[in-house]
Amino acid sequence: SGTFNISTAVSFVVAAAGVPVFKHGNRSITSKCGSADLMEALGIRLDAPHDVLRDSLRELNFCFFFAPAFHPAFKEIMPVRRALAEAGQRTIFNLLGPLINPGRPAYQLLGVFSQDWVQPLADALGELGLTAGLVAHGSPQVGSALDELSCAGHNSVAGFGGLASVSRGLNAADAALPACEFSELSGGDVETNLAMMHALLSGDPEAVPAGLRNTVLLNAGVALWIAGAAVDLEGGVCKARQTLQSGAVEKWLQRACNFYKNS
């Protein structure tokens, strides 16, 4: 979809707000900048040994699991996945990855590329015994799809665990946020997204498009609500906004960079 690395920014906000995060990701398959590509550019080691990852979780409330390091088969099939993706062909690995996070998190916000898979994945995570969470799909404009929530267009969610009764639309207005145009979520290559990440985390509300900033707040707010760090969605968005505006996320990222530089 050519969007910025929204979920990566969200994971930083949530960690800086005090909620431990297990992020499970990979290099780009079809985009110009995957989560692992951006993490590496920021100075977060992809090859960190397990003891460093455990220390990272304790000190930073954050741990990035580079998928090929934990699932060797992923590394072996990467050329085939990339070739199939270039031909427009999805595989089961588009669905499997989010279900096999090595940290086995208790709570999860999972995005999926198709509306058809929202409820089945919620059912699967419920069967896996997670405490609570939501599966989300976004339709930012006609003919486009996102595997995350956004302030553009319409979003659908289905819950599991403690949120199993939730199955509905979840849009910007539900979080008291303004709607935006899909174009406001655009990203670029690694260098472009790296600059955008630093601008976003500076806390300056004018540094990046309002729609992008609010989309990060929406997802972070939902994540904080899921994890019980906020009583409701609006409370989660408020906490995420305060964390970002205070400069806490920017300071957190600097600590993270220093941690990995010295580990």
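A polar contact, as I use the term, is a pair of N or O atoms within 3.5 Å, where one must be able to donate a hydrogen and the other to accept it. Keep that in mind for the residue I start with. The model is predicted.

The residue is N155, which sits in strand β5, residues 154-161. Is N155 buried or exposed? Its relative accessible area is 0%, and buried means under 20%, so N155 is buried. Its side chain has polar partners on the backbone. The backbone oxygen of L170 is 2.9 Å from a polar atom of that N155 side chain. For the backbone oxygen of S150, the distance to a polar atom of the N155 side chain is 2.8 Å. Leaving aside residues up to four places away in sequence, N155 also touches others, including H137, G138, E148, R168 and L218.

Next, helix α7, residues 118-127. The buried residues there are V118, L121, A122 and L125. Viewed down the axis of α7, these buried residues fall within an arc of 105 degrees, so they line one face of the helix. What covers them? The cover includes helix α6 (93-96) and the strands β3 (107-111), β4 (132-139) and β5. Strand β5 is the one that holds N155. Just after α7, G129 has a positive phi of about 90 degrees.

Last, a pocket. The second largest pocket has a volume of about 160 Å³. L125 and G129 are among its lining residues, as are P98, I100, R104 and Q108. By class, that lining has 8 nonpolar, 3 polar and 1 charged residues.

Definitions and conventions
Residues numbered from 1 in each chain as written. Predicted model: local features only at pLDDT ≥ 70, side-chain atom pairs only at ≥ 80, totals over all residues. Heavy atoms only, no water. 1 Å grid on protein atoms, 1.4 Å probe; cavity = no way out; pocket = protein on both sides within 12 Å on 5 of 7 lines; lining within 4 Å. Points joined across faces, edges and corners; volume = space filled by probe spheres on them. Nonpolar A, V, L, I, M, F, W, Y, C, P; charged D, E, K, R; others polar. Helix = DSSP H or I, 4+ residues; strand = E, 2+ residues; numbered from the N terminus. Buried < 20%, exposed > 50% of the residue type's maximum accessible area, 1.4 Å probe, protein only. Contact = heavy atoms within 4.5 Å. Arc of directions from axis to C-beta.
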